[in-house]
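Subject: Structure handover

Hi,

Here is the structure I promised to pass on to you. Have a look at it first, and then read on for my notes.

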Amino acid sequence: MKKTNNNLSKKMIVVALSATTLISCGQNNKGVEVTQDPVNKYNLSTTAKILLTSEAGDKIAPQKNVTFQSGEAKGKVITVHPDILKQKIIGIGSSFTESSAYVLAHLEKDKRAEVMQNIYGDKGANFSLARTHIGATDFAVDGKFSYAAVKDDAQLTSFSIDVDSDGFSADKHPGIKDEQFDLLPMIKEAYAIKNKQKDNDLRIVASAWTAPPWMKTIEDYYKNPSPENNHSGTGGELKPQYVSTYADYLIKYLDSYKQQGIDIWALTPVNEPHGNNGQWESMHFTPKTQSTFIKKHLGPKLHASAHEDVKVLIYDQNRDQMEHWTDEILGDEETSPYVYGTAVHWYESTNQVNEEVLERVHKKFPDFSIIHTEGTIDDLGKVAPEGVLDPVRFQESNWFNNDDFWWNDNATDWAYTATWAPNPEDHPIYTPVHRYARNIIVSLNHWMEGWIDWNIVLDSKGGPNHVGNFCGAPIMIDTETGDVYYTPIYYVLSQFSQTIRPGDTAIQVDQQLDGLDKDALHTSAAINADQLMSVQLLNTTKSPITYSLQIGSQFAEVTISANAVQTVQVQL
């Protein structure tokens, strides 16, 4: 059986970087090496564009271009190798959630249209990759809903996605300006924006948090931890008689969305199959049961449906434990033909990227994609639970309309100083901008093909969230006043999205930090079909850093401002 869900572009490619380039191809487009002519010259004069977002207040601000000179740089050197091509990039983006739609429904239509243009328009972030949820999630206003509410309806005759477009009553939700706006209308509005512009890429990954309760062993959306269950809550597992029905449920979702004009690009069997201790909607798989589900049910059903091209992404949880899942599923010759790649999250650490895991997985399974499908500033403002040694710092405050919060060490997560948490040292207090930019830059250096943020819009408290799991978002809106706050995360993601586009190819970057701390400066780079190279940099320090950008036999001296994200574009 051929890999029906694998990317057709994953084959040998030939890239012409210049008229004098000699090309040597590998086995696929995820490790192509190109050998240049001995002179190794690109005849560079100046950079094409330099953009900056910084703590000092720059927001994707153009900077003065710098000139190149011949020679080999010394000191702090960033060496970019346009002749060493790595993975194709799918894009950068954020997520559609019911909570985001609910918050946007509090705006007048013209104001909402402006926000949506800033997210999806080609003069805004122009996000090219997105995620959405299949049924309820914690980021649903009331939660606890599915598309098949009738118990034991194995034929799914009651299936309906109406809940995604039935809107919010102003009587029940004072402040709502548009009672018709909801998750599906939000996605349609993004489509409408994209369809009016030339650069119209928008690929959506859909993930279910749970099957309908009647398909599961617990017959509920989740069971909270309690003394009665030894504080071990659960989302339950699929009942054996409904494993195949759940595959039908996912395909009916694809059918229904397609009927509404929305083509889902990829699917994960479930969000976070390890579960969340029963705190909100969830459902468990093991690597073995997910492998069986894909090869016996979901894979063949997709293959026989109108959605054969929909990609299947496995796992969909923290990257530190992904290797066990890829070994089991991608290593299974019956399952792997149905799989496109692996979806991962970042909650295993607030400051580590686990790039060594990405490298090992790619080395073992080079033909399969790795895509980051969720990351957010979680547990925002949450009161510290019992067992946290620093409860004062655990509970954040003053993040709305305050850029200083996002540019400095002010955020914590669930495991910060928790005596009961595994590896609490991996969860120090952190700077939100650094966490985002570091994770994206380092991940792209280690075979990541796409990166998706969680909720694109939330209210000023980080909700609504029906179980109180408040989080940060790139755009936060005061639903009482209508005040729209574009956080520094929005500008960082926008800068990346504008300069890292679908079809770009990651290229090799080497750093010589010359005494700097290893976390001081992070760099990645990509090149497009027009030979425009974009170098992304993060300076985590409180001082400017001057470095040499070495490309072939030439270099340019560049300064990145203190506490900043910089993009340097060079036309080869």
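How many bridges pair strand 9 with strand 10, and in which sense do they run? There are three bridges, and the pairing is parallel. For the terms: two strands pair if DSSP finds at least two bridges between them, while helices (H or I, at least four residues) and strands (E, at least two) are DSSP runs numbered from the N terminus.

Before going further, please keep in mind that this is a predicted model, in which local features need pLDDT of at least 70, side-chain atom pairs count only at pLDDT 80 or more, and totals for chains, interfaces and linings use all residues. Residues are numbered from 1 along each chain as its sequence is written, and side-chain values use heavy atoms, with hydrogens and water left out.

Now the barrel. Eight strands close into a barrel in the order 7-8-9-10-11-12-13-14, with parallel pairing. From one strand to the next, the twist averages 25° (axes are lines fitted to C-alpha atoms, for helices over the stretch in contact, and angles run from 0 to 180 degrees between N-to-C directions).

Strand 9 (residues 203-208) is also parallel to strand 8 (residues 129-134), and six bridges join them. Leu-129 has Arg-203 as its bridge partner, and Thr-132 stands opposite Ala-206. Five of the six residues of strand 9 are buried (under 20% relative accessible area; exposed is over 50%, partly exposed in between, with a 1.4 Å probe and protein chains only).

At the other end of that scale is Glu-386, in the loop between strand 13 (369-374) and helix 8 (391-394). Why is Glu-386 called exposed? Glu-386 counts as exposed because its relative accessibility is 76%. Glu-386 and Ser-95 are 291 residues apart in sequence and 32 Å apart in space, C-alpha to C-alpha.

Best wishes
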